[in-house]
Amino acid sequence: MTEYEKLVEAESYAHTIEIIEPATGKTGVANTTEDGVALFYGADDGSDDKVISKEEFSENFRITAIIEH
């Protein structure tokens, strides 16, 4: 199961999905969108936030925690 598939599954029952970008150590949260995956991570000012493809998410990010409702 890819990280994206895990994210989609977790969204069906979880409130928050925490992630890390292992290459940089930046942490935050993620959720799926029509355009891919929205990432809210890294700098507190939002400058690192972005939307990426599901493939890029699976290749470059790991889910670290799934927080249920």
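How far apart in helix α1 are Lys6 and Glu3, counted in residues and in helical turns?

Reply: Lys6 and Glu3 lie 3 residues apart in helix α1 (residues 3-11), so about one helical turn separates them. An α-helix has 3.6 residues a turn, so residues three or four places apart point the same way. Helices (H or I, at least four residues) and strands (E, at least two) are DSSP runs, numbered from the N terminus.

The model is predicted, with local features needing pLDDT of at least 70 and side-chain atom pairs pLDDT 80 or more, while totals for chains, interfaces and linings use all residues. Residues are numbered from 1 along each chain as its sequence is written, and side-chain values use heavy atoms, leaving out hydrogens and water.

Lys6 and Glu3 form a salt bridge, with 2.9 Å between the closest N and O atoms. The term means a side-chain nitrogen of Lys or Arg within 4 Å of a carboxyl oxygen of Asp or Glu. Glu3 is buried at 9% relative accessible area, whereas Lys6 is partly exposed at 34%. Here buried means under 20% relative accessible area, exposed over 50%, and partly exposed in between (1.4 Å probe, protein chains only).

The structure has 2 salt bridges. In the other, Asp48 meets Lys26 at 3.3 Å, N to O. That pair links distant parts of the chain, 22 residues apart: Asp48 is in the loop between β3 (36-41) and β4 (50-52), and Lys26 is in strand β2 (residues 26-33). Lys26 is partly exposed, at 29%.

Back in α1, the buried residues are Glu3, Tyr4, Leu7 and Ala10. They lie on the same side of α1 because they cover an arc of only 125 degrees around the axis, taken from the directions from the helix axis to the C-beta atoms. These buried residues pack against β1 (14-21), β2, β3, α2 (54-60) and β5 (62-68).

Tyr4 shows this in detail. Beyond its neighbours within four places in sequence, Tyr4 contacts Thr32, Val37, Lys54, Phe57 and Ser58, where contact means heavy atoms within 4.5 Å. Tyr4 and Val37 are 33 residues apart in sequence, yet their C-alpha atoms are 8.3 Å apart.

Val37 also belongs to the largest nonpolar core, which has 14 residues; Ile19, Val37, Leu39 and Phe57 touch the most other members. Such a core is a set of buried Ala, Val, Leu, Ile, Met, Phe, Trp, Tyr and Cys residues joined through side-chain atoms within 4.5 Å. Leu39 touches residues including Ile19, Val29, Ile52 and Phe57.
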